[in-house]
Amino acid sequence: MLNISETQIKSIGDVLNNPARPLKERFRALFTLRNIGGAIALQSIEKCFQDESALLKHELAYCLGQMQDTTANPILVRVLEDVNEHPMVRHEAAEALGAIGSPEMIQILDKFKNDQSLEVAETCELALERIKWVQNPDSTNLSDNPYHSIDPAPSTQVNNVVQLKTILINPKETLFNRYRAMFSLRNLRSKAAIEALGEGLKHGSALFKHEIAFVLGQLQDEHSIKYLKSSLEDYSENEMVRHECAEALGAIATEECIDVLNKYLNDDKRVVKESCIIALDMCEYENSPEFQYANALVAVS
């Protein structure tokens with residue numbers, strides 16, 4: 001845990017929970033709390049689920065999952081059980097429960113695996129499979145995750161792009177296996193793997209495609225811009241997918257990405273509009289002297 005006082009943590013929580021503050025500042029406060037961890041940080045994050053922004057609340061749930069703190073389970077269960085909540089937020093709560101991986105959460109996830117929202121139902125299916133896999137992994141010799149994220153599914157031992165792509169876009173494969181192929185492709189970090197993932201952005205459910213976009217954002221490779229741009233510009237695409245494409249473009253942070261994101265700052269879908277705001281803030285940071293200096297330090301360490 002970082003060396004920081006309770007008063008300081010509460011002050012950061014106040015920023016997160018203040019709707020008068022710019023959204024980008026609240027996101028920064030959230031990720032700071034995620035990195036700090038502990039009971040006070042969790043309390044601040046829990047309180048923020050009262051906010052009106054689905055984008056912010058879905059990010060709250062994501063952070064709780066990445067924190068790997070079992071005391072967040074009851075918070076996430078309440079969000080999942082609230083059928084009046086935005087499906088994107090409920091889906092992220094279910095995914096976070098899978099990320100934390102507590103076996104006692106199997107019953108609640110099983111209850112919602114046939115939810116009326118397909119995104120929620122599919123996420124519960126994935127979370128159940130992940131918890132079962134954690135309890136009995138088929139192998140420990142999997143491709144390394146260079147991003148150190150807690151993923152909805154483990155990678156595989158396969159490193160052949162053609163084979164992985166075949167699994168990725170095959171609708172007859174289980175969703176869990178398709179996700180495993182997705183993360184294996186990400187871990188390869190090659191142009192061929194990115195092209196396979198880009199093809200996957202046109203296949204499957206909104207949940208599946210949004211995860212493809214998330215993975216492309218992690219990769220931060222310019223080769224994926226054309227795929228992300230195409231989906232963001234498609235007004236018929238699910239808002240969950242478009243929002244994730246916007247954030248992925250923010251992570252890549254080229255001038256082309258900035259130009260595209262600026263076009264959708266007034267999108268009809270609030271979650272897309274807010275994602276563009278956050279993505280442009282990411283672009284600003286990625287291109288800042290502070291970030292370049294930090295990268296230089298990492299390179300020589």
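## Largest pocket

The largest pocket has 34 lining residues, and Phe31, Arg34, Ala251, Met282 and Glu286 are those nearest its centre. A pocket here is an open set of points on a 1 Å grid over the protein atoms alone, with protein on both sides within 12 Å along at least five of seven lines; lining residues have an atom within 4 Å of a point. The volume of the largest pocket is about 1200 Å³, where volume is the space filled by probe spheres set on the points, and grid points are joined across faces, edges and corners. This is a predicted model, in which local features need pLDDT of at least 70 and side-chain atom pairs count only at pLDDT 80 or more, while totals for chains, interfaces and linings use all residues. Residues are numbered from 1 along each chain as its sequence is written, and side-chain values use heavy atoms, with hydrogens and water left out.

Two or more lining residues come from each of α2 (23–36), α4 (54–67), α6 (87–100), α12 (206–219), α14 and α16; helices are DSSP runs (H or I, at least four residues) numbered from the N terminus. α12 gives the largest share, 6 residues. By type the lining holds 14 nonpolar, 8 polar and 12 charged residues, with Ala, Val, Leu, Ile, Met, Phe, Trp, Tyr, Cys and Pro counted as nonpolar, Asp, Glu, Lys and Arg as charged, and the others, Gly among them, as polar.

## Second largest pocket

The second largest pocket has a volume of about 220 Å³. Its lining consists of 16 residues, with Asn145, Asp151, Ala153, Pro154 and Ser155 nearest the centre. At least two lining residues come from each of α8 (118–135) and α10 (175–188). The lining divides into 7 nonpolar, 5 polar and 4 charged residues.

## Cavities

There are 2 cavities of 30 Å³ or more, a cavity being a set of points where a 1.4 Å probe fits but cannot get out. The largest cavity has a volume of about 60 Å³, and its lining includes Glu95, Ala99, Arg130, Ile150 and Asp151. α8 supplies the largest share of this lining, 4 residues.

The second largest cavity, of about 40 Å³, has Glu95, Ala99 and Ile150 among its lining residues. Its largest share, 4 residues, comes from α6. The lining is made up of 5 nonpolar, 1 polar and 2 charged residues.

## Aromatic contacts

Rings of Phe, Tyr and Trp (its six-membered ring) pair if their centres lie within 6.5 Å; planes under 30 degrees apart count as stacked, over 60 as edge-to-face and the rest as tilted. The count is 4 aromatic pairs. Tyr235 and Tyr264 form a tilted pair, because their ring centres are 6.1 Å apart and their planes at 55°. Tyr235 lies in the loop between α13 (225–232) and α14 (239–252), and Tyr264 in the loop between α15 (255–263) and α16 (270–286), 29 residues apart. Tyr235 is exposed at 56% relative accessibility, whereas Tyr264 is buried at 8% (buried is under 20% relative accessible area, exposed over 50%, partly exposed in between; 1.4 Å probe, protein chains only).

Tyr179, Phe183 and Phe208 are linked into a cluster by ring pairs. Arg178 lies over the face of Phe208, 4.2 Å from the ring centre; the criterion is NZ of Lys or CZ of Arg within 6 Å of the ring centre and within 35 degrees of the ring normal.

## Cysteines

The whole structure contains 0 disulfides (pairs of cysteine sulfur atoms within 2.5 Å). For Cys48, the nearest cysteine sulfur is that of Cys63, 11 Å away. Cys48 is buried, at 1% relative accessibility. For Cys245, the nearest cysteine sulfur is that of Cys276, 10 Å away. Cys245 is also buried, with a relative accessible area of 0%.
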